Amino acid sequence: MRLTVGVLTYRSAANLPPLLAALPAGLAGVDDWRLVVVDSGSFDDTLTVAKDLAPDATLIQLDSNRGFAAAANAVVAADPAADAVLVLSPTTRLRPGCAARLLAALAEPGVGIAVPRLIGRDGAYKTSLRRRPTVGRAVAEAVLGGNRASRLGRGELIADPAGYARGTRADWATGAVTMFSRACLTATGPWDESFFLYSEETEFALRAADHGFRLAFVPDAEAVHNGGDARNVPALWGIMMANRVRLHAMRHGRAAATAFWAAITLGEAARSARDRNHRYATRKLLRERKALVSGRPAVVPEQLR
């Protein structure tokens, strides 16, 4: 299978060297692949680093930071003949043989998306698998807390350690390292660029499932992921929560989205006294309620663009 490997960059000069250095081993066993770097308007040395370290790559410069989905779609458009596309966040690094194992999973009947096990800075696996968002799960997370609800199997996050040692079925997964087939993309359509950040991978995976394609978790394919900025930047956390509501509205309508919004807002407000992320998200959810439950995009602060 012909594979397009897309690296999505934004102010990523420091992250590109280890990512690019790991690609040959990560792509071992894949005979036909092409590297595409899509940069979303960086103003650091990202482009210089990419040209120096990957001179044979196709470099695409977007006019501004339009978000993860827009960059992913640019990767897809760069090589329309590819049978599969692998998109990588700049804070990732493939471990040896990762891509070949994901490709093998894509060849299985019914699989349209394949994701690896993600490894954090500490060497432990990351809980990257999720169940389908529902009002019931949002309520459980609001009342019990996200971690406790997940440990009890009531939340959206799949937290059971055993689930990351086998090919667990999940409805969606963290999008930092995601491979999808051309057949899935053709049936499903492009990534939804109206999501600036967060929930775009959820929307794509759920839409793929609507068309009969499932997501495969491949535990023997591994990638290091040093991301997780949402926990350090309140504005990012706010966008994440807002987009969860907006996605629910798009798929289930205003009434269901209002209930989902109420559960998410309750959970954020209950924890706002001790955490600035939750305070910011609570204000954003209250301020943008009407738009979000109608399915309109969340407001993205100018400093993030």
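## Helix packing

Guide: The crossing of α10 and α11 is left-handed, meaning that the near helix is turned anticlockwise from the far one by less than a right angle, whereas clockwise would be right-handed. The model is predicted: local features need pLDDT of at least 70 and side-chain atom pairs pLDDT 80 or more, while totals for chains, interfaces and linings use all residues. Residues are numbered from 1 along each chain as its sequence is written, and side-chain values use heavy atoms, without hydrogens or water. Helices (H or I, at least four residues) and strands (E, at least two) are DSSP runs numbered from the N terminus.

Two packed helices are described by the angle and the distance between their axes. For α10 (residues 254-270) and α11 (residues 276-287), the axes come within 8 Å and cross at roughly 145°; axes are lines fitted to C-alpha atoms, for helices over the stretch in contact, with angles from 0 to 180 degrees between N-to-C directions. On the α10 side, W261, I264, T265, E268 and A269 make contact (heavy atoms within 4.5 Å). Their counterparts in α11 are N277, H278, A281, T282, L285 and L286. An α-helix has 3.6 residues a turn, so residues three or four places apart point the same way. By class, this contact comprises six nonpolar, four polar and one charged residues (nonpolar: Ala, Val, Leu, Ile, Met, Phe, Trp, Tyr, Cys and Pro; charged: Asp, Glu, Lys and Arg; polar: the others, Gly among them).

Helix α8 (residues 200-210) is largely enclosed by the rest of the structure, because nine of its eleven residues are buried (under 20% relative accessible area; exposed is over 50%, partly exposed in between; 1.4 Å probe, protein chains only). The buried residues are E200, E201, T202, E203, F204, A205, L206, R207 and A208. Among the elements covering them are helices α3 (68-78), α7 (182-188) and α9 (234-252), together with strands β6 (111-119), β8 (172-173) and β9 (177-181). After α8 comes G212, with a positive phi near 90°.

Helix α1 (residues 16-26) lies across β1 (3-9), β2, β4 (84-88) and β5, at about 20° to β5. These strands belong to an open sheet of eight strands with mixed pairing, in the order β3-β2-β1-β4-β9-β6-β10-β5; two strands pair if DSSP finds at least two bridges between them. Its edge strands, β3 (58-61) and β5 (92-94), each pair on one side only.
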